Amino acid sequence: MDSLFADVALGIPSRGTFQYAVPPAFAEKIKPGCRVWVNVRARRLVGTVTALSPEKVIEDPKPIEGLIDETPVLDAPLLALTRWMAEYYFCSWGQAIEAALPAPFKKGKFLMKSRAKKIANGVESVDPLNHPLTADQENAFREIMEKINKKEAGFFLLHGITGSGKTEIYMQVIGELLKAGRGSIVLVPEISLTPQAVERFHSRFGDGLAVIHSRLSQGHRVEEWHRIKKGEARVVVGARSALFSPVQRLGLIVIDEEHDTSYKQEETPRYQARTVAAERARLERAVLLMGSATPSLETYFASLHKDTRRLFLPERIQKRPLPVVQVVDMRREPAAKGEKIFSRALEEAVKNSLKKKEQVMLFLNRRGFSTHLHCASCGYVMTCPNCRVSLAYHFDKGALYCHACGYRTPPIRLCPGCQKNYLHYFGAGTQKVEEEARRLFPEARLARMDTDSTSRKDAHETILKKFKKREVDLLIGTQMIAKGHDFPNVSLIGVISADTALHIPDFRAAERTFNLLTQVAGRAGRGAIPGKVIVQTHLPSHYAIESAKDHDYEKFYSKEIIFRKELGMPPYSHLIQIVMSGGTEKEVVRQILLFAKFLKERLEKRGVSLMGPAPCVASKLAGRFRWNVYLKGNSIEEMVPLLRESLGEFKRTQVALTVNVDPQ
Ligand code: ADP
Ligand code: ZN
């Protein structure tokens, strides 16, 4: 028999694939997409065959030690997709493949004993039948189906507020695909994978549904993977990584709440599921359907200027009213010792709801690593003159920094806005809010949910269950607490401070604030009681707050996009963040300065600009000092090869380097 050689991708940072010889014993069965055992510097590793060839390209290829799969775990489109990811996201093909497979596959495992499986767990069947669609739903449905029936790739933004009937459209399109023997993937933010939300899909699709979330045991995950691969489950609902499910004859990928930040993976490969889903849709000629009440600027921009089609659902089902949003100007509150947490209006409203035996939710934004300087009298916040990003105070350095461009200034005491001496650091934690709430509303049954009180996996669910059963009157937590839940008895939602989101040191701060306020408001008024939302802020006339108050996405977009254009930020450009970290700050700074200079010379003549260096927002993590530079250019496909080339030539020592493409 002729000799055969395999290109093998390994889950190590080294780029490219490695050639191995295929022993005759495996020659019949081995195929691209199969995993194999190989030896790398005396270590046994799992790799994936990406190609086979009779031609030897290296001197003396080592043999493959073992063949793990008899049928490929990755079919041709998924192999192509992971290869594309490696190029775009600056990682190795093997690392992209590892992100696409259930974790046990990395250890060479494959067969799991099948256990009898039961999804239904005491949740009653909800909503098993299709609703007759409203006219707006019908229009959207028809356009999507037209594209699907043409078997072309297509991109849609389904723009509609919570309760406007987006999920109903997803389910009916999926139903049509099932009739044609085709499959679908539905991505939702991890936090929305609540039993209630899953049950809605389960009651429509029964055992044809596979659910993938982080609470699944690894064995269970592998089992779901097999059910999907065999075509027993043709509908997959899951968080980010479900995007790589081996669905056959894929017709539809849904990304619900497409603006959600959990779609970006924050470890290698640092991919954005939206971007990868678009590529998978292209490769498999499927439709990508992105749903949101507050589309990301990128997606909305694409719907105006690129190939994404926007479908609009202007009102809630049964015309349920939108909650009334009241903005409270904290600058007009009587001065308090320390930070003022409850305005008079919010305190009054909470008491009122409690008296009527209705429930209340209070939201706080999660706190960042560093804080902004903020004037309690006029709302002034120090921002970077170059980037408009809020300056972050780094305690250890005794200075305010722009983490994007490196602009630096000493902290000041006197507010440049009103000349008063009211500058201070802002950001009450959930604990402080809880203390104050206990003092003001001693009779209320209170629960707090944040990362501290919910570190145990089920604690989260338990608190929400209690709240749902009305054993808790007042729930305090971060904005994440109640996604995907319906609480019909909630009549009041309070946002303790919209400003903490507004001043995160990020050019997307206004977008995040608008999203946050809109999502939070969407929690109110879900049942018979009309909802009320109170938002506290020092900047009541900021466009992010005003547009959220008016439920007006277009108004927000039209203001925000002007700033993005002026500064050349996304969606007018793409960014790549490069982080250098090390044990001694002096060394990190020395090398990143050299690196920045080196890069600048090479990239600027090719239309890529460089910002920084600057300390990262989290400038010290786990004992390591972190600085970053940003590249800004028009196309990732052009920037990444330039960066690879430059990195190959730049000699660095004792510092680690990470590359984050399209950082969020
Ligand atoms: P969204 O996903 O935009 O939040 P949903 O699809 O969940 O909206 O719809 C909100 C509520 O309205 C759900 O309870 C759903 O069952 C119901 N619903 C959706 N479409 C219809 C319809 N055409 N007729 C009646 N009820 C509907
Ligand atoms: Zn700056």
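**Reasoning from definitions**

Mentor: In this predicted model, strand β17, residues 399–401, runs antiparallel to β18 and is joined to β18 by two bridges.

Trainee: What makes β17 and β18 a pair?
Mentor: Pairing requires at least two bridges between two strands, and two bridges join β17 to β18, so they count as a pair. One residue of interest here is tyrosine 401, whose bridge partner in β18 is arginine 408.

Trainee: Which strands are called edge strands in the open sheet?
Mentor: The sheet has three strands in the order β16-β17-β18, paired antiparallel. Its edge strands are β16 (392–394) and β18 (408–409), each of which pairs on one side only.

Trainee: Why is serine 497 called buried?
Mentor: Its relative accessibility is 6%, and the cut-off for buried is under 20%, so serine 497 counts as buried. Serine 497 is located in the loop between β22 (490–495) and α13 (499–502).

Trainee: What makes the approach of the serine 497 side chain to aspartate 499 a polar contact?
Mentor: The side chain of serine 497 reaches the backbone nitrogen of aspartate 499 at 3.1 Å, and the limit for such a pair is within 3.5 Å.

Trainee: Which residues of helix α9 are buried, and what covers them?
Mentor: In α9 (residues 297–305), the buried residues are Leu297, Thr299, Tyr300, Phe301, Ala302 and Ser303. Their cover includes, among other elements, β6 (154–160), α8 (273–284) and α16 (553–567).

Technical notes
Residues are numbered from 1 along each chain as its sequence is written. Chains are lettered from A and ligands numbered from 1 in the order in which they are written. This is a predicted model: local features need pLDDT of at least 70, side-chain atom pairs count only at pLDDT 80 or more; totals for chains, interfaces and linings use all residues. Side-chain values use heavy atoms; hydrogens and water are left out. Helices (H or I, at least four residues) and strands (E, at least two) are DSSP runs, numbered from the N terminus. Buried means under 20% relative accessible area, exposed over 50%, partly exposed in between (1.4 Å probe, protein chains only). A polar contact is a pair of N or O atoms within 3.5 Å; within protein, one must be able to donate a hydrogen and the other to accept it, and residues adjacent in sequence count only if both atoms are side-chain atoms. Contact means heavy atoms within 4.5 Å.
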